[in-house]
Amino acid sequence: MDTFVSLYDGFSIALTWQNLLLAFLGCFLGTMMGALPGLGPANGVAILIPLAFTFGLGAVPALILLTSVYYGAMYGGRISSILLNIPGDEPAMMTCLDGYPMAKAGRAGEALALSGIASFVGAFFATWGLVFLAPQLVKIALLFGPAEYFVLFTLAFATLGGIAAANQAKSAFAAALGIGIAMIGVDTQTGVQRFTFGEVHLYDGIDFLIAIVGLFALSEVFIFLEHRSSRGEKKEEPKMQIGRLTPSWKLLRYCTPAMIRSTVVGFLAGVLPGAGASLGSFLAYSVEKQVSDPRSETFGKGDPRGVAAPEAGNNAASGGALVPMLALGVPGSGTTAVLLAVLLTLNIQPGPLLFQNNPDVVWGLIAALFIANFMLLALNIPMVGIFTRVLLVPSHILMPIVAMIAFIGIYSITGSTFELKMMVFFGVLGWVLRKLDVPLVPIILGILLGNEMEVNLRRAMTISNGEWSALFGSWLAIILWTIAIVGFVLPIVLGRRVKKKMKQAEEEGALTD
Amino acid sequence: MSDRVLGGVGLTLAVFYAWAATIIPEPFASDAIGPDGFPMIIAVILGLSSLYFVLKPDPEPKWPSLNRLAEIGFAVLIMFGYAEVLPVFGFVFATIIITAYLTWRLGARPLTAILNGVGTSVGLFVLFELIFGLSLADGPLGF
């Protein structure tokens, strides 16, 4: 019952004109960012974070804006998958398999509308999952002491690569790099300077916004520069007929079981540490294929259930990923890591105490997610034509604007040109690391959580008088260690197979062209 | 080979990091681990993971050709230059130059590039400074 009262309070916060407007703006911008190939939800949120601050928004409105961008980008990713066979972001990859064949068969409008509705179903029910699951998780988290928190952070890093992790050594390398960067500046426990080498600009440490915007947004610009299309070349236009934009009841009924199954699968994939939306959509598609089309006679050839499943799955996963982020302060995916940065910048420490100390933030945010879902549904069915036109803006116009917004954002927060150069440095670093297949998210997470992790380790050690065995001192800690170790080792054993299967599915999709 | 280079850089970084941790000034009152304990652990993880891809590198990534690399290098220089001249020239002029340059290098014709430069710069200035009231860098002419 408490939950419903809190949710009601949340709605009274989210339903102000300003917040509604911000949610709408976020949904609109997010869908656009998601629709553009190359700019996924993490980039979208990363670029807009500094702006949210420079508008001087309070905690709740800023969060509403940015989570709407997050949900919007998850919706938008499917548009270029269906129309161009190019996924807007990684989680939208599976949508290409049946979405593009549907579009080629003259059913683009139906595919777009159906995927919009599937996205809504996935995200809407996942938000309900968040409402009920997060407070339960908080109850467990309240039992955590410093040692358990330290292990929890270790778990977050160990499982971040997810089951499809390319190379666990590289994930560990990235995490260590990020935590190392977090150590720069004043040691919060003793007040001594660490790793600053007398450089005044480093005394306060490196702001994670600079790292995030550099690593995500600027590195994208460098990638475009590397692969720039030759001059005057026209972008591939979505020439195909969109067709009718309202799917028939019959089609919806036909796809409903697929949406329900995929929502459950996707949500679970999102809640589990390290799985994220890409795995959510992959699992949802695979499960659906197993259940309804085991011999693969229609899947991959434009089966509408093959569009509904991954879209419900990836949007449910993004809702699910918010559960550990809000309840434990440990993000379940790349984009939630970026959202965690938003919370920390707003001086809000996610985790169990958030539900006690800032219930307005949590429930206002959750209410806003519900509202965003309805807005996105409304935006994505009748206005999908506008978003498809975004695909026509050539990247040479768009990418410089992205770069400039990154510069404006950082400059208006810091007012310092040193920080701008630092951001460019992170952009180059991001580009090099992406070439080398080193994941960027653990770096961000390291910068975000490094200090908190160290503080908890040192507290645990102080309590135990320097006895390291304190880190294994409780059942909770041992369970967390076990999950961490399994989460780290499993991808080494299974990762290649999952990755291969995902690639295979993608190639099979490409062959049906 | 690329992974071996990365591993080499990582190892060097780990050694340097560990060394830098040892010269952290000893504080007056310290806890069980001290300000250098945790960084030492991180240095070890950094070192071990780097060692792993020295020994077992991934397949070689596709590096861009030399002139593409130069392209990125120039873009970086221009961006550093932008940071340098921003307070001198002001937002509008500096942004026109860098946006036009990037647009041109991303494949637009020079005229399109200049138009996009002017449009983006003025557009962003109006939006952020005039409407949202941010303070972008002011040049000698006040914009």
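Buried area, as I use the term here, is the accessible area (1.4 Å probe) that two parts lose on being put together, summed over both. The model is predicted: local features need pLDDT of at least 70, side-chain atom pairs count only at pLDDT 80 or more, and totals for chains, interfaces and linings use all residues. Residues are numbered from 1 along each chain as its sequence is written, chains are lettered from A and ligands numbered from 1 in the order in which they are written, and side-chain values use heavy atoms, with hydrogens and water left out.

**Entry 1: the interface**

I looked up the area buried between chain B and chain A and found about 5,800 Å², with carbon and sulfur atoms giving 78% of that area. F38(B), M79(B) and L106(B) supply 13% of what chain B buries against chain A, more than any other three residues. I then took contact (heavy atoms within 4.5 Å) and noted that 71 residues of chain B are in contact with 66 residues of chain A.

For polar contacts I used pairs of N or O atoms within 3.5 Å; within protein, one must be able to donate a hydrogen and the other to accept it, and residues adjacent in sequence count only if both atoms are side-chain atoms. Between chain B and chain A, eight residue pairs are in polar contact, both residues at pLDDT 80 or more. Helices here are DSSP runs (H or I, at least four residues), numbered from the N terminus. Helix 1 (2-22), helix 2 (37-55), helix 3 (66-89), helix 4 (91-105) and helix 5 of chain B each give two or more residues to the side that touches chain A. The largest share of that side, 13 residues, comes from helix 3 of chain B.

**Entry 2: salt bridges**

I counted as a salt bridge a side-chain nitrogen of Lys or Arg within 4 Å of a carboxyl oxygen of Asp or Glu. The whole structure holds 14 salt bridges over all chains, and three are between chain B and chain A.

Which residue does D3(B) meet in a salt bridge? The partner is K170(A), at 2.8 Å from N to O. For accessibility I took buried as under 20% relative accessible area, exposed as over 50%, and partly exposed as in between (1.4 Å probe, protein chains only). D3(B) is buried at 2% relative accessibility, and K170(A) is buried at 1%. K170(A) also forms a salt bridge with D58(B), the closest N and O atoms being 2.9 Å apart. K170(A) lies in helix 7 of chain A and D58(B) in the loop between helix 2 and helix 3 of chain B, so this pair joins two chains. D58(B) is partly exposed, at 23%.

R434(A) belongs to helix 17 (residues 417-435) and E220(A) to helix 8 (residues 208-226), so the pair ties together parts that are 214 residues apart in sequence. R434(A) is partly exposed at 30%, whereas E220(A) is buried at 5%. Salt bridges that share partners also join D187(A), R194(A), E454(A) and R458(A) into one network.

**Entry 3: single residues**

I checked S121(B), in helix 5 of chain B, and found it buried at 0% relative accessibility. L130(B) is also in helix 5 (residues 110-131) of chain B, but is exposed at 56%.
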